[in-house]
Number of protein chains: 2
Amino acid sequence: MARIVMKFGGSSVADIERIRNVARHVKREVDAGNQVAVVVSAMAGTTNQLIAWVRQANDNYDPREYDSVVASGEQVTSGLLALALQAIGVDARSWLGWQIPLRTDGNHNSARITDIDGTDLIACLEKGQVAVIAGFQGIAPENRMTTLGRGGSDTSGVAVAAAMSADRCDIYTDVDGVYTTDPRIEPKARRLNRIAFEEMLEMASLGAKVLQVRSVELAMVHKVRTFVRSSFNAPDAPGMDDPLNPPGTLICDEDEIMEQQVVTGIAFARDEAQISLRRLDDKPGISAAIFGPLAEASINVDMIVQNISEDGSKTDMTFTVPTVDLDKAVRILEKNRRSITSEVIQSEKGLAKVSVIGIGMRSHAGVAATAFRALAEKSINIRAITTSEIKISILIDSAYTELAVRTLHTVYGLDKAS
Amino acid sequence: MARIVMKFGGSSVADIERIRNVARHVKREVDAGNQVAVVVSAMAGTTNQLIAWVRQANDNYDPREYDSVVASGEQVTSGLLALALQAIGVDARSWLGWQIPLRTDGNHNSARITDIDGTDLIACLEKGQVAVIAGFQGIAPENRMTTLGRGGSDTSGVAVAAAMSADRCDIYTDVDGVYTTDPRIEPKARRLNRIAFEEMLEMASLGAKVLQVRSVELAMVHKVRTFVRSSFNAPDAPGMDDPLNPPGTLICDEDEIMEQQVVTGIAFARDEAQISLRRLDDKPGISAAIFGPLAEASINVDMIVQNISEDGSKTDMTFTVPTVDLDKAVRILEKNRRSITSEVIQSEKGLAKVSVIGIGMRSHAGVAATAFRALAEKSINIRAITTSEIKISILIDSAYTELAVRTLHTVYGLDKAS
């Protein structure tokens, strides 16, 4: 007997027939003797429709009202799944964010969970009832509805699993696991059986869209073993009932991964832009003068590189921002030009960041050199590099994205046997 | 300055353009210096879609899950209207049933309001903010969502008005008031400027669909002056800003109605069926034996007539039930035939009940005789009659419904001047 949380995304509950299929997945786990809580997203398309209405009603919308309107989608699916479970003889009831309660901060539209009271949920499970929880939603301190941002139901699932001390959290999605890279770009990409929390966090942060980044952070902090698996597999497909080795990817502590590869995956993010500030005064506080105003405007700065300029008294600073934020960033920098002291502000779009990720890098030298050599052989120019213990990120022209991903995928031995 | 509640039905908020129109109606009242709470239904069609999904998920549905799913429709419109109000410079926020809280009993799908805490709502209004309340929904004692039954937003509106000691409750709908009878049947029907609570209660109970019966009961008990008016009138149409005399019908205490007519309106209900029990033992407890089991099955029995049979030892009992319940009622009676002692059970469909309503009847003799004479002149056969202080109901073959309604409308002087 285990206590598990199953999370189903919007495409898994897109219509009543698919909701019935989800109910059969849940029944399989109940029949196996498990205590089960389920977290659901809204029906695919519903959230976009609701957001469109909000924008039509008021383009400059109050985020509290946005949250109240948009959270209704998960309310509908939680009730419908409870009904579909009852229809096949599984005792179930729906839970809304305010009923649990699942408390968040007051940062509407992308709230963070502050506290989940697991008492009532656990009592529900203890009496053999499936708890069907509306994902994506919570309540702010002043009892207004909040939502957790795009993909927030993943975070709901992991957070509920942590609050209930669940044995694992199964994230059912429209792919059957986490791949070494995006299979649409590299058909030789392999599904990973296991990936460490830290690696998955880098993969999600760097462009792999399988899981919301915050859900991975939460899983890592609370050590929630998280399976990524497909809801489109038949509920009775071979292996689906083996909790230790279902088809899918287990995100877990690195201790659980026996044969750690040096490199686990290749992630990438297009639509990067670069800003260069030339001939800055090289004085204390210059970084704060540059990056403070950008942070206040919620612009996400990445890949910062600083060089001493030729004469030694001046310095150059280069960094990347998402392309959508480029114009705003440049405006802010121009406005603060005096305190920044830069003589020249240059910017460029059309860049991409390709990242090599693997916990094994910690104990292996020369991983970065392999990447640089491989890209050089393909004549791909490297514009900036940043590294951490478990990843190397390389900035290139975005036209070379696919080539770089495939090249690195091959050179690190990630291609599946053909 | 007055404190008012404005209630808008589903056709008034069917899309964003209409929600904007509703916002302009609300702004008119705010600009006039009033404190305003608004109660909204779901967008027209939404509730039916949600109910269809519930039935597809589980035809034998759990009413608690039904309520959670279906109440989402009002959640959406309350947020959208708050946004539309903000867009035109009116401070507003949405309120859900659990946020108020609006407490009901646990009778899911047609719950009754037990308590509304007006504290937070009044504080909202006192600071000049419009409270936009999701109608139709409340919370049961164990914190599950409830709904108030079809037309329940009317009840929400009146109940909120009572809880906030509002000066009046404006029910905006797709007609511009209460008519002397259904204008689709009698084009000479007149809009009533005023109608007494008791009369409106009879009108609503007997087939006029303008307001949910329970909302009228509540208005009567709490003396909530209730205007029925059209949301399709332009917000700036002549007279719309005159709170004492807008285009519409005021439902109020009879003291407020100066020139009371003897008869105020003609209501009708088709789809009545009749059951006759012949040659019953005329003994104490026989009525309880008949009507007890029917009440337990929630069958609404109406128009009961009892006659002594010829030899005096037996009696005949005739009563009506809605046609949809006829078969069920007959089955129940057959099952209990021994305790009922009836020798013959007869039933007949295809009947209609036409009712003449007016508080003035109390002080005027001969009102019933006028009806009987007028119907006899048209050769309409009367099958049963029941009367109360302020109404006469007559059972006829439903083929004569329109003729009877028009005849009575004319004979009581209700036709508008042509």
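Student: Which strands of chain A does helix H12 lie across, and at about what angle does helix H12 run to S18(A)?

Tutor: Please keep in mind that this is a predicted model. When a helix rests on a sheet, we name the strands that it covers and then give its direction against one of them. Helix H12, residues 367-377 of chain A, lies across S17 and S18 of chain A, and the angle to S18(A) is about 20°. Helix H13 (residues 401-411) of chain A lies across strand S13 (265-281), strand S16 (344-357) and S18 of chain A, but here the direction makes about 115° with S13(A).

Student: In what order do the strands of that sheet in chain A stand, and what is their pairing?

Tutor: In chain A, 6 strands make an open sheet with antiparallel pairing, and the order is S14-S15-S13-S16-S18-S17. Strand S14 (302-308) and strand S17 (384-388) of chain A are at the edges, and because each has a single partner strand, one side of each is left without a neighbour in the sheet. On average, and ignoring direction, neighbouring strands of this sheet are turned by 30° against each other. To look at one pair in detail, take S17(A) and strand S18 (residues 391-397) of chain A, which run antiparallel and are joined by 5 bridges; within this region A:Thr387 has A:Ile392 in S18(A) as its bridge partner.

Student: What does the sheet with strands S14 to S18 look like in chain B?

Tutor: In chain B, 6 strands form an open sheet in the order S14-S15-S13-S16-S18-S17, with antiparallel pairing. Its edges are held by strand S14 (302-308) and strand S17 (384-388) of chain B, each with a single partner strand, so one side of each has no neighbour in the sheet. Strand S13 (residues 265-281) and strand S16 (residues 344-357) of chain B pair in the antiparallel sense over 11 bridges, and B:Arg278 stands opposite B:Val344 in S16(B). Helix H10 (residues 326-335) of chain B packs on this sheet, where it touches S13, S15 and S16 of chain B, and its direction makes about 20° with that of S13(B).

Student: How should I read the two faces of a strand, for instance those of strand S3 of chain B?

Tutor: In a regular strand the side chains alternate between the two faces of the sheet. S3(B) is joined by 4 bridges to strand S6 (residues 130-134) of chain B, and the two run parallel, with B:Trp95 opposite B:Ile133 in S6(B).

Student: Which residues touch the most other members of the largest nonpolar core?

Tutor: In soluble globular proteins, nonpolar side chains tend to be buried together. The largest nonpolar core here has 39 residues, and those touching the most other members are A:Val5, A:Leu121, A:Ile133, A:Val178, A:Met200, A:Met203 and A:Leu211. The largest share of this core, 5 residues, comes from H7(A). A second, separate core has 37 residues, including B:Ile171, B:Ala204, B:Val224 and B:Ile251.

Student: Is B:Glu65 buried or exposed?

Tutor: B:Glu65 lies in helix H3 (residues 63-70) of chain B and is buried, with a relative accessible area of 0%. Its side chain makes a polar contact with the side chain of B:Arg144 at 2.9 Å. Apart from residues up to four places away in sequence, B:Glu65 touches residues that include A:Gly79, A:Leu83, A:Gln86 and A:Arg93 of chain A.

Student: How many disulfides are found over all chains?

Tutor: A search of the whole structure finds 0 disulfides. For A:Cys252, the nearest cysteine sulfur is that of A:Cys169, 14 Å away, and A:Cys252 is buried at 0% relative accessible area. The sulfur of B:Cys124 is 17 Å from the closest cysteine sulfur, in B:Cys169, which is too far for a bond; B:Cys124 also counts as buried, at 2% relative accessibility.

Technical notes: Residues are numbered from 1 along each chain as its sequence is written. Chains are lettered from A and ligands numbered from 1 in the order in which they are written. This is a predicted model: local features need pLDDT of at least 70, side-chain atom pairs count only at pLDDT 80 or more; totals for chains, interfaces and linings use all residues. Side-chain values use heavy atoms; hydrogens and water are left out. A nonpolar core is a set of buried Ala, Val, Leu, Ile, Met, Phe, Trp, Tyr and Cys residues joined through side-chain atoms within 4.5 Å. Buried means under 20% relative accessible area, exposed over 50%, partly exposed in between (1.4 Å probe, protein chains only). A polar contact is a pair of N or O atoms within 3.5 Å; within protein, one must be able to donate a hydrogen and the other to accept it, and residues adjacent in sequence count only if both atoms are side-chain atoms. Contact means heavy atoms within 4.5 Å. Two strands pair if DSSP finds at least two bridges between them. Axes are lines fitted to C-alpha atoms, for helices over the stretch in contact, and angles run from 0 to 180 degrees between N-to-C directions. A disulfide is a pair of cysteine sulfur atoms within 2.5 Å.
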